[in-house]
Amino acid sequence: YPVPLPDPIDAIKLKMQDLGLKNKDLVGKVGSKGYVSALLNKRKPLTLELARLFHKELSIPADILLA
């Protein structure tokens, strides 16, 4: 049986936890504190630009981020 890809935001949160990063560590790269919070709480969409950033900075596979 095929295994479905994880939710992109959940993958970002898990990778942040693995690396010991907090929301405030993303503020300079992603945007304001409120935007980071809204993104991680799924109130803002994950844009292609942000997917590229997370792929580059956190080494999350692009196919997971674009799922």
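How far apart are the mean positions of the positive and negative charges of the chain? The mean positions of the 11 positive and 7 negative charges are 7 Å apart, where Lys and Arg count as positive, Asp and Glu count as negative, and His and the chain ends are not counted. The place of a charge is taken as NZ of Lys, CZ of Arg, CG of Asp or CD of Glu.

## Basis of the model

This is a predicted model, in which local features need pLDDT of at least 70 and side-chain atom pairs count only at pLDDT 80 or more, while totals for chains, interfaces and linings use all residues. Residues are numbered from 1 along each chain as its sequence is written, and side-chain values use heavy atoms, with hydrogens and water left out.

## Overall fold

The chain has five helices and zero strands, and from the N terminus on its elements run α-α-α-α-α; helices (H or I, at least four residues) and strands (E, at least two) are DSSP runs, numbered from the N terminus. The radius of gyration of the chain is 12 Å, close to the 11 Å that the globule rule gives for 67 residues, so the chain is as compact as a globular protein of that length. That radius is taken over C-alpha atoms, and the globule rule is 2.2 Å times the number of residues to the power 0.38. Along its principal axes, the C-alpha trace spans about 40 × 25 × 20 Å.

Of the contacts in the chain with a separation of 6 or more, 52% are between residues 24 or more positions apart, a contact being heavy atoms within 4.5 Å. The chain exposes about 4800 Å², and carbon and sulfur atoms supply 56% of this area, with accessible areas coming from the Shrake-Rupley method with a 1.4 Å probe and, for residues, only the protein chains shown counting as cover.

Buried residues make up 27% of the 67 residues in the chain, where buried means under 20% relative accessible area, exposed over 50%, and partly exposed in between (1.4 Å probe, protein chains only). In soluble globular proteins, nonpolar side chains tend to be buried together. Here the largest nonpolar core has 16 residues, and those with the most contacts inside it are Ile12, Val30 and Phe54. At least two residues of this core come from each of α1 (8–19), α2 (23–30), α3 (33–40), α4 (48–58) and α5 (62–65). A nonpolar core is defined as a set of buried Ala, Val, Leu, Ile, Met, Phe, Trp, Tyr and Cys residues joined through side-chain atoms within 4.5 Å.

Leaving aside its neighbours within four places in sequence, Phe54 is in contact with Ile12, Leu26, Val30, Leu39, Leu46, Ser59, Ile60 and Leu65. Leu50 lies in helix α4 and is buried, with a relative accessible area of 8%. With neighbours within four places in sequence again set aside, the contacts of Leu50 are Val30, Tyr35, Leu39 and Pro45. Between the C-alpha atoms of Leu50 and Asn23, which are 27 residues apart in sequence, the distance is 14 Å.

The buried residues of α3 are Val36, Ala38, Leu39 and Leu40, and they pack against α1, α2 and α4. Just after α3, Lys42 takes a positive phi of about 65°; this residue lies in the loop between α3 and α4 and is partly exposed, with a relative accessible area of 48%.

Leu46 is found in the loop between α3 and α4 and, at 24% relative accessibility, counts as partly exposed. Not counting residues up to four places away in sequence, Leu46 touches Pro8, Ile9, Ile12, Leu39, Ala51, Phe54 and Leu65. Leu46 and Leu66, which are 20 residues apart in sequence, are separated by 8.7 Å, C-alpha to C-alpha. Thr47 also lies in the loop between α3 and α4 and is partly exposed, with a relative accessible area of 33%.

## Exposed positions

Ser59 lies in the loop between α4 and α5 and counts as exposed at 52% relative accessibility. Its phi is near 55°, a positive value in a residue other than glycine. Lys24 lies in helix α2 and is exposed, with a relative accessible area of 65%. The C-alpha atoms of Lys24 and Arg52, 28 residues apart along the chain, are separated by 19 Å.
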